[in-house]
Amino acid sequence: MSAPSPILEARGISKSFGAVRALDNVNLSVYPGQIVALIGDNGAGKSTLINCMTGVFPQDSGEFLFDGKAVTMHSPQDARNLGIETVYQDLAVAPHLDSAANIYLGREAMKPGILGKLGFLDNKFMMEETAGELKRLRVRIPDPRRRVFTLSGGQRQSVAVARSVKWAKNVVIMDEPTAALGVAQSQMVLDLMREVRNAGIPVIFISHNMPHVFEVADRIAVLRLGTVVTELDPNVDTIDQAVGWMTGSTSGSSLNGDRAA
């Protein structure tokens, strides 16, 4: 049986900002049904890589492959058109709207027929679809009709994740999704990440929280000074080893996607 092919690949990605080389020949493969964690100290290049990957700004060299074919993303909309959605750490939700309005924000469903042409929203359909999506992902929201600002931090983040999963056909990127959350709320988001992975959608998980990374990740790519220095197996390697690679106290040749000897 042949090994699965990556759904998304970064090959030889480099990016500079003036004299600062933010990324240097980075390779990363994202496989279906896996959580791949992307870790590194501040300034390691994590956000730059994700911004290039999602079309926020172009890389200087290298290429991204989607389902084995080279793609160029000129804007975040190009990434969304490929089924790639991102959940940011700043809880990018509209707090005074309910869960359904947040999940369908910018993609509102219109009523069928002439009413839709006149601009009437199909609020019943969107609420029913939202309730079904939250149930499928096992998201515990007291009432999807409640405005998001009345929900806990973990529930608000879960709405943001559910929105991404609703529209992400292929990849979900989570950028520090537990950074502003307490223990119980963080666990809710980690459980939701597992649900996404178990549904077959790969997750790129960016985090400084090593226990969270080792709890949910299938693979861990370590960035240091804009270069992938190693890839770790959370079932074999340790948090201390990860920190050593992040800080440079563990040395070795750069991997750019391949495991160190």
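Predicted model: local features only at pLDDT ≥ 70, side-chain atom pairs only at ≥ 80, totals over all residues.

Residues are numbered from 1 along each chain as its sequence is written, and side-chain values use heavy atoms, with hydrogens and water left out.

An open sheet of 4 strands, paired antiparallel, has the order 2-1-4-5; strands (E, at least two residues) and helices (H or I, at least four) are DSSP runs numbered from the N terminus, and two strands pair if DSSP finds at least two bridges between them. Strand 2 (20-30) and strand 5 (69-71) are at the edges with a single partner strand each, so one side of each is left without a neighbour in the sheet. On average, neighbouring strands of this sheet are turned by 30° against each other, direction ignored. Strand 1 (residues 8-17) and strand 4 (residues 61-66) run antiparallel and are joined by 5 bridges, and Arg11 has Glu63 in strand 4 as its bridge partner.

Helix 1 (residues 46-53) packs on the sheet, touching strand 1, strand 2 and strand 4, where contact means heavy atoms within 4.5 Å. The direction of helix 1 makes about 65° with that of strand 2, the axes being lines fitted to C-alpha atoms, for helices over the stretch in contact, and angles running from 0 to 180 degrees between N-to-C directions.
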